[in-house]
Number of protein chains: 2
Amino acid sequence: MKIVFRNPTRTEQIAGPARVGDVLARLDVNPETVLVIHEGTLVTKDAVIGDDAELEVRPVISGGAGPARCHACERSSVIEVARHRAAYCAEHLVDHVRSQVRDAIDRHRMLSYGDRILVAVSGGKDSLALWDVLLDMGYRADGLYLGLGIGAYSDRSGQVVAGYARRRGAALHTVDLAEDYGYDIPAATGLRNRSSCGVCGLSKRYVFNKVALRHGYDVMATGHNLDDEAAQLLGNVLRWQTPFMARQSVVLPATEGGMVRKVKPLYRLGEREMAAYCVITGLDYVVEECPMVAGNTVLRYKDALNELERHSPGTKAQFLFGFLDRVRDAHFAAADPQGGELVACEACGLPTTSSRDGRAPVCAFCRTRAR
Amino acid sequence: MKIVFRNPTRTEQIAGPARVGDVLARLDVNPETVLVIHEGTLVTKDAVIGDDAELEVRPVISGGAGPARCHACERSSVIEVARHRAAYCAEHLVDHVRSQVRDAIDRHRMLSYGDRILVAVSGGKDSLALWDVLLDMGYRADGLYLGLGIGAYSDRSGQVVAGYARRRGAALHTVDLAEDYGYDIPAATGLRNRSSCGVCGLSKRYVFNKVALRHGYDVMATGHNLDDEAAQLLGNVLRWQTPFMARQSVVLPATEGGMVRKVKPLYRLGEREMAAYCVITGLDYVVEECPMVAGNTVLRYKDALNELERHSPGTKAQFLFGFLDRVRDAHFAAADPQGGELVACEACGLPTTSSRDGRAPVCAFCRTRAR
């Protein structure tokens, strides 16, 4: 059979018929990090595939497929979620995703039905699925897409997002970094040999907040999932960056100075579940990773956590939820010395932290742009 | 050339001549986890090895070899320590190990020259090297070996330790679990399907403390190294076991109830440095891992940290030292609710924590033994 790996794309040949689980083992692929797709549908580790078949092995930066019966209806399942000791059929995986989002929203009072919500959409699985789930649940959610100018990758991302908005009849704001701010990510990175992920994150935070303020949105929603948040926490813990730990949260409240409330309704769901949601609901997303992400340390933290999760399902959730529920406020609340002290940036008027050296305050975005 | 992997032993053939670094890459071996030995001496990644040569690739549970000149004398080096951005010749690697032990002892006032020290020796690289370094530095250090009854592995361990003591003319105490306490580790594990590492650790802590008390030693020294302590911390952090975090330390003070002071003078040195110390000084140690350790979670935490260290040298040290120096006392001091409350065990008289349910206090060792 032919095995097509995506992202980057390569092909392997293996003699069939064979169990999907055995194929993955032979290719040394951690099932926790991929989805396996046969003729457009997910297949589980127990499925036996013929010699003339073609399998797609799709990384989700963490994903796979599982055996057994659906946890809810006893039909055969399409995905196993080891940390819940559960497997789901296509229909009930969608229910599982919605119920975890419901749980996240209720537990932290993230959203109410009166809120005008702005969803930051990149074209990737997480942000599109978030928008989709919020619309299906009846929330008033518009999208915001930021063009980063990263060649064909950005072109395709923009098309995917616009296509989704059109099909759903949903409102979409589009901002283009180059047109509206005079730079794009490759240019900003090349200029000063800066980390592209750093400049990109800074630009997104700034532009998203500005658009949300200008259009009067009550809250911004981002697609950060369990893997993102656990990897972020691991990075902070390995260096014991206690001020960052004090601020790590799934709800960032609005501030008087002009920061819109931010929420992360996917923090209880893994990347694999989000990728499965997209495959099952037919949601077209950009499978390719950003071409500038190579060597990103967060990806290495995800790898490390996935290897631990493979042997001890639940490690990631226990690590993140334990921190949020019991540890952050009890042990790190006082670790953020500059928490809340915001003043207006001299250049753009948006909030920034007061400068310590007595100079006029200029926010990180305006400082970066000035270079 | 022939490549012999140890522990477990297997053999590979690769056409030569080739650079050691390329050989490791071709075999997908992380250089951070092995030592490479050619004709009894360490070789660096840059060494070119002929086709008729035999290389030993020796896991150290984390090890390797490096290029460049010695940090201290400019001679060609035998080992690189990436987190110090340094490489050492054989002579100066020994100096490096001693100076890190010196630093650990001084920084935490672990030992004085008047102290009678009992070193817990297993026959592995860390504990034998610790004993060796302490004797060379002029400390009054005797050894204690505990026979665990794990077949040929224990037999060989006992011989290695006795051989070392004889050659150095050092005093060695030997205790045998089966003879003196009526059980061995395989029996205790098989009986109740318990974790062998759990029973073994409990037995060691108990017997070592008892022997130290009976013979009037001032302090116990154990061979826990940087990798051991960082892996332990990662395990505690992933589960946010805050009472264990409050207690994690490289010096455990003596208590009035009868716990001897315990110190870990190797906590600033990686496993690779300890294995290199043994190879360089010709110190015979048991290279084999304990046959009962398979699946030990601590080994998985070491793997995860080694993968991160490979890309970001210094990760392990930053994680452990940052915790010990800045985080534990500032953020977790109050997290140990039972810290210090010790009473005498009803069965053996040694200290144990007071029981919460009002029953007579019996220590974990006596409870385990009674089963």
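# Close-up views of a predicted two-chain model

**Figure 1. Between chain A and chain B the count of salt bridges is 0.** A salt bridge here is a side-chain nitrogen of Lys or Arg within 4 Å of a carboxyl oxygen of Asp or Glu. The structure is a predicted model, in which local features need pLDDT of at least 70 and side-chain atom pairs count only at pLDDT 80 or more, while totals for chains, interfaces and linings use all residues. Residues are numbered from 1 along each chain as its sequence is written, chains are lettered from A and ligands numbered from 1 in the order in which they are written, and side-chain values use heavy atoms, with hydrogens and water left out. Polar contacts join 9 residue pairs between chain A and chain B, with both residues at pLDDT 80 or more. A polar contact is a pair of N or O atoms within 3.5 Å; within protein, one must be able to donate a hydrogen and the other to accept it, and residues adjacent in sequence count only if both atoms are side-chain atoms.

**Figure 2. The contact between the chains draws 25 residues from chain A and 25 residues from chain B.** Contact means heavy atoms within 4.5 Å. Buried area is the accessible area (1.4 Å probe) that two parts lose on being put together, summed over both. Chain A and chain B bury about 2100 Å² between them, and 70% of this lies on carbon and sulfur atoms. On the side of chain A, the residues that lose the most area to chain B are A:Leu238, A:Trp240 and A:His331, together 33% of what that side buries. Two or more residues each come to this side from helix 8 (226-238), helix 9 (242-247), helix 11 (297-311) and helix 12 (315-332) of chain A. Helix 12 of chain A gives the most, with 9 residues. By type, the residues on the side of chain A that touches chain B are 15 nonpolar, 7 polar and 3 charged. Ala, Val, Leu, Ile, Met, Phe, Trp, Tyr, Cys and Pro count as nonpolar, Asp, Glu, Lys and Arg as charged, and the others, Gly among them, as polar. Helices (H or I, at least four residues) and strands (E, at least two) are DSSP runs, numbered from the N terminus.

Figure 3. The same surface serves both copies, as 100% of the contact residues of chain A recur in chain B.

**Figure 4. B:Thr242 lies in helix 9 (residues 242-247) of chain B.** Not counting residues up to four places away in sequence, B:Thr242 touches A:Val327 and A:His331 in chain A, and B:Phe332 and B:Ala335 in chain B. B:Thr242 counts as buried because its relative accessibility is 10%. Buried means under 20% relative accessible area, exposed over 50%, and partly exposed in between (1.4 Å probe, protein chains only). B:Glu229 is 13 residues from B:Thr242 along the chain, and their C-alpha atoms are separated by 16 Å.

**Figure 5. B:His92 lies in helix 2 (residues 90-107) of chain B.** With 15% relative accessibility, B:His92 counts as buried. Leaving aside neighbours within four places in sequence, B:His92 is in contact with B:Cys70, B:Ala72, B:Cys73 and B:Arg75.

**Figure 6. Helix 2 of chain B also holds both B:Asp106 and B:Arg102, 4 residues apart, about one turn of the helix.** These two residues form a salt bridge whose closest N and O atoms are 3.0 Å apart. B:Asp106 is partly exposed at 47% relative accessible area, and B:Arg102 is partly exposed at 27% relative accessibility.

**Figure 7. A:Arg19 and A:Asp46 form a salt bridge, with their closest N and O atoms 3.0 Å apart.** The pair links distant parts of the chain, 27 residues apart: A:Arg19 is in strand 3 (residues 18-19) of chain A, and A:Asp46 is in the loop between strand 5 (41-42) and strand 6 (48-49) of chain A. A:Arg19 is partly exposed at 30% relative accessibility, as is A:Asp46 at 43%.

**Figure 8. A:Asp132 and A:Arg168 form a salt bridge, with their closest N and O atoms 3.0 Å apart.** This pair also links distant parts of the chain, 36 residues apart, with A:Asp132 in helix 3 (residues 125-136) and A:Arg168 in helix 4 (residues 151-168) of chain A. A:Asp132 is buried, at 7% relative accessible area, whereas A:Arg168 is partly exposed, at 34%.
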